[in-house]
Amino acid sequence: SLTLPEKLQTIYTSLQAYIEVHHPDTMAVEALFFAKNVRSAVTLAHARGVALLTAATAGLAVAEYSPLEVKQAVVGYGRAHKRQVQAMVQVILHLREPRAQEDAADALAVALCHLQGQRVRIALASKATRGQI
């Protein structure tokens, strides 16, 4: 029932509060994809812009992953369906039941993708330091 500006303000204040409490150093986001519904894509772009602005204002690094990268990292197949991603998020995180909201499962999948990428970067940096690369 909120207007678009009110929804965007809610996103901004919620993210700001989360950042103040948890002190993250990075925000991982999913890259925009080309949607069939232009109105939905524009609304999503507004929300994403607010999230990126909030991250920049807080001095967070932002890591961006395509939907294909997220699916590949979590499921092992870049063309996986949403249900497959949700099921793997549940398995990887040892959740008793799947996330009821698809958006929550998607956010967790992006976070898992980022963590996997971080592990690879750390391992490569360690090998490079030891002269193994």
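Reader: What makes up the chain, and in what order do the elements run?

Author: The chain has five helices and two strands. From the N terminus on, the order is α-β-α-β-α-α-α. Along the principal axes, the C-alpha atoms fill a box of roughly 55 × 35 × 30 Å.

Reader: How do you know which elements of the chain have the highest and the lowest mean pLDDT?

Author: pLDDT is the predictor's confidence in each residue, from 0 to 100. On that scale helix α1, residues 4–22, has the highest mean of the elements, 97, and α5 has the lowest, 83. The chain averages 89, and 96% of the residues score at least 70. Where pLDDT is low, the predicted coordinates should not be read in detail.

Reader: Why is α1 called roughly parallel to α2?

Author: The two helices pack at an angle of about 30 degrees. Angles under 35 degrees count as roughly parallel, so α1 is roughly parallel to α2. Their axes lie 9 Å apart, and the crossing is right-handed.

Reader: Which residues of α1 and α2 meet?

Author: On the α1 side they are L4, L8, I11, Y12, L15, Q16 and I19. Those of α2, which covers residues 38–57, are T43, H46, A47, V50, A51 and T54.

Reader: What does V85 touch?

Author: Leaving aside residues up to four places away in sequence, V85 touches K71, V74, V75, A80 and A109.

Reader: How many of the residues count as buried?

Author: Buried means under 20% relative accessible area. By that cut-off, 21% of the 133 residues are buried.

Reader: What share of the contacts joins residues at least 24 apart in sequence?

Author: Among contacts between residues at least 6 apart in sequence, the share is 55%.

Conventions:
Residues are numbered from 1 along each chain as its sequence is written. This is a predicted model: local features need pLDDT of at least 70, side-chain atom pairs count only at pLDDT 80 or more; totals for chains, interfaces and linings use all residues. Side-chain values use heavy atoms; hydrogens and water are left out. Contact means heavy atoms within 4.5 Å. Helices (H or I, at least four residues) and strands (E, at least two) are DSSP runs, numbered from the N terminus. Axes are lines fitted to C-alpha atoms, for helices over the stretch in contact, and angles run from 0 to 180 degrees between N-to-C directions. Angles under 35 degrees count as roughly parallel, over 145 as roughly antiparallel, 65 to 115 as roughly perpendicular and the rest as oblique. A crossing is left-handed if the near helix is turned anticlockwise from the far one by less than a right angle, and right-handed if clockwise. Buried means under 20% relative accessible area, exposed over 50%, partly exposed in between (1.4 Å probe, protein chains only).
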